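Here's a quick briefing to read alongside the model. Have the viewer open and follow the topics in order.

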Amino acid sequence: MHRLNRDDIEQAARRIYQVMPATAQYAWPLLAERLGCTVWVKHENHTPTGAFKVRGGITFMHWLKHVHPDVKGVVTATRGNHGQSLALAASALGLKALIVVPEGNSLEKNNAMRGFGGEVVEYGGDFDEAREEAARLADLHDLYLVPPFHIELVKGVATYALELFEAAPDLDTLYVPIGCGSGICGVIAARDALGLSTQVVGVVASEAAAAKLSFDAGVIRETASANTFADGLAVRKPVADAFAIYGAAAARIVSVSESEIAEAMRVYYTDTHNLAEGAGAAALAALIQERETMVGKRVGVILSGGNVDRSVYAKVLGSGSASDRA
């Protein structure tokens with residue numbers, strides 16, 4: 001994957017701003033008081049799809065239409081946010097979007113994908129099985145298989161990091177959740193393009209810790225399951241191209257438990273009145289875990305999305321366990 005420069009990212013930003021405005025980043029005073037450090041939150045929960053993925057969807061679909069002008073449509077696998085992003089971007093270009101989700105996927109995310117114009121198919125027990133089915137359907141229906149990781153997705157996602165770094169260029173550390181890796185790779189690309197020295201820390205769920213296990217071992221490791229309620233983190237095996245980037249450029253990867261993620265969701269609500277889904281709260285959960293080493297520093301956290309089902313969120317706010325889904 002070629003190294004993105006500032007011009008690449010700014011060009012992607014111009015394209016994205018035709019569809020959506022930049023999102024806000026705020027240094028919230030109650031988070032600072034709670035944690036003893038300056039905490040900048042990047043609000044990717046405020047995009048048109050409620051998550052950061054829409055940026056990559058816009059840049060990817062623009063690239064696809066340019067490089068493959070005869071394409072009829074796309075197919076992809078998702079737990080929700082990537083699918084909403086592609087449904088929105090494909091519909092805007094008049095293309096079909098077939099989206100494969102695992103059985104028992106979030107009803108509200110499925111409805112949102114349909115709302116943006118996607119056709120949703122449920123298949124398999126987890127994301128990785130859904131991904132195999134998406135590849136089969138791509139051949140069957142002559143649709144373009146959108147991978148979970150691609151240079152054009154990273155280019156789009158890097159625009160949120162560009163916005164954050166331009167607003168807060170002197171961050172000591174920035175915590176970023178890791179699913180398939182476009183988020184952390186976009187952050188690394190923007191940091192390097194701007195020549196900043198911010199440490200980038202990846203965050204995984206302890207129930208889906210393949211990226212951390214791989215990072216610590218220096219080679220790709222796979223887990224048998226990824227049973228976390230933070231569905232954006234529910235990946236059993238890192239994407240090799242993404243791991244090649246964050247494996248070399250991240251400072252470290254932190255793993256957070258289900259209860260730590262749920263607590264971070266409650267903290268976001270209490271201190272900022274923002275809704276965070278599990279994956280969206282993971283970065284803050286990691287900062288809370290490492291708060292003693294962050295005292296007095298300038299820290300950023302990516303609130304990557306707010307798409308959590310009402311029943312799950314109600315349990316989290318009531319301090320119940322979110323993993324026993326309603």
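Is Ser 304 buried or exposed? Ser 304 counts as buried, because its relative accessibility is 6% (buried is under 20% relative accessible area, exposed over 50%, partly exposed in between, with a 1.4 Å probe and protein chains only). Keep in mind that this is a predicted model, where local features need pLDDT of at least 70, side-chain atom pairs count only at pLDDT 80 or more, and totals for chains, interfaces and linings use all residues. Residues are numbered from 1 along each chain as its sequence is written, and side-chain values use heavy atoms, leaving out hydrogens and water.

**Overall build**
- The protein chain has 14 helices and ten strands; these are DSSP runs numbered from the N terminus, with helices being H or I of at least four residues and strands E of at least two.
- A compact globule of 326 residues would have a radius of gyration near 20 Å, and the protein chain's 18 Å agrees with that (taken over C-alpha atoms; the rule is 2.2 Å times the number of residues to the power 0.38).
- Along its principal axes, the C-alpha trace spans about 55 × 45 × 40 Å.
- Of the 326 residues, 58% count as buried.
- Looking at contacts with a separation of 6 or more, 73% come from residues 24 or more positions apart (contact means heavy atoms within 4.5 Å).
- The accessible surface comes to about 12,700 Å², with 49% of it belonging to carbon and sulfur atoms (Shrake-Rupley method, 1.4 Å probe; for residues, only the protein chains shown count as cover).

- Ser 304 sits in the loop between strand S10 (298–303) and H14.
- Leaving aside residues up to four places away in sequence, Ser 304 touches Glu 44, Gly 50, Ala 51, Phe 52, Pro 177, Ala 279 and Gly 280.
- Asn 81 belongs to helix H4 (residues 81–92), and is buried at a relative accessible area of 11%.

**H11 against H14**
- Helix H11 (residues 258–272) packs on helix H14 (residues 310–317) at about 85°, with axes 9 Å apart (axes are lines fitted to C-alpha atoms, for helices over the stretch in contact, and angles run from 0 to 180 degrees between N-to-C directions).
- So H11 is roughly perpendicular to H14 (65 to 115 degrees; under 35 is roughly parallel, over 145 roughly antiparallel, the rest oblique).
- From H11, Ala 262, Met 265, Arg 266 and Tyr 269 meet Tyr 313, Val 316 and Leu 317 in H14.
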